[in-house]
Amino acid sequence: KPGRRKRDGTLFWPYRFFWSSPVSNGGCPGFHDGDEKDFDPELAKEQLRVLGQEYGVDMIVSLACREHMAALTTRMTRHGQTSPEQESLRLWVNDKYYPRNRKTFLRLGQLSKEKHLYIHCRHGSHRAVVATMAALIASNSASSLEDALLRARGHLASFRPGYARPLFRHVVRFALEQGLEVEQKYIDFAGMADDEEVTHAP
């Protein structure tokens with residue numbers, strides 16, 4: 001059900017881990033919970049091992065804590081330890097940066113066609129959910145925006161705060177551009193302007 005995900009990091013699963021194919025999401029590996037500040041590289045290493053070997057994740061997409069994950073995967077490779085590939089991307093939480101986010105959305109769609117992704121931000125509540133939705137939309141794996149939201153295990157309540165609303169607005173705009181069905185309640189929730197121009201990409 002949307003919004004129902006484990007909120008504690010364990011030896012095996014990252015914080016707010018949610019499993020799906022071909023795109024999984026959650027919090028950054030190596031943190032025990034959303035409030036703990038200390039990154040535990042040994043915990044992250046074990047979580048990466050489980051994600052790769054037991055869940056078949058080919059690539060870790062880092063939207064936050066990018067320096068932690070890049071350093072860890074580099075160190076693991078140097079010591080001959082297998083780990084999923086690492087891709088560092090960024091989402092901008094500001095309406096004026098939608099063009100940048102759109103490029104990231106398209107990149108995620110391309111990656112999800114080739115790899116089994118685990119997309120994470122810091123907490124697994126906002127950026128990871130939007131990025132997962134965008135990957136599903138860009139790869140034509142979602143039948144509607146609502147379908148993408150449910151499959152990403154997102155919840156509208158997470159996007160009610162003003163700082164998170166632009167991210168949801170971006171994925172709504174992206175879905176409209178891709179010609180995907182977007183239910184009116186999500187357009188209203190996103191606060192899309194009635195006169196906002198939307199180009200429908202092929």
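Strands β2 (residues 59-62) and β4 run parallel, joined by four bridges; strands here are DSSP runs of E with at least two residues, helices are runs of H or I with at least four, and both are numbered from the N terminus. This is a predicted model, where local features need pLDDT of at least 70, side-chain atom pairs count only at pLDDT 80 or more, and totals for chains, interfaces and linings use all residues. Residues are numbered from 1 along each chain as its sequence is written, and side-chain values use heavy atoms, with hydrogens and water left out.

**Around strand β4**

- Buried means under 20% relative accessible area, exposed means over 50%, and partly exposed is in between (1.4 Å probe, protein chains only).

**Helix α2**

- How far apart are the end C-alpha atoms of helix α2 (residues 66-78)? They are 18 Å apart, which agrees with the 18 Å that its 13 residues should span at 1.5 Å a residue; the expected span is 1.5 Å times one less than the number of residues.
- M69, L72, T73 and M76 are the buried residues of α2.
- Seen down the axis of α2, these buried residues fall within an arc of 95 degrees, so they line one face of the helix; the arc is taken from the directions from the helix axis to the C-beta atoms.
- They pack against α1 (41-53), β2, β3 (85-88) and β4.
- E67 and R78 are exposed, on the face of α2 turned away from its buried side.
- After α2 comes G80, with a positive phi near 75 degrees.

**The nonpolar core**

- The largest nonpolar core has 60 residues, and V61, M133, L145, F168 and V172 have the most contacts inside it.
- Such a core is a set of buried Ala, Val, Leu, Ile, Met, Phe, Trp, Tyr and Cys residues joined through side-chain atoms within 4.5 Å.
- Helix α4 (residues 127-138) gives the most to this core, with ten residues.

**Cysteines**

- Zero disulfides turn up in a search of the whole structure; a disulfide is a pair of cysteine sulfur atoms within 2.5 Å.
- C65 has its closest cysteine sulfur in C28, 3.9 Å from its own and too far for a bond.
- C121 counts as buried because its relative accessibility is 2%.

Conventions: Pairing = 2+ DSSP bridges. Contact = heavy atoms within 4.5 Å.
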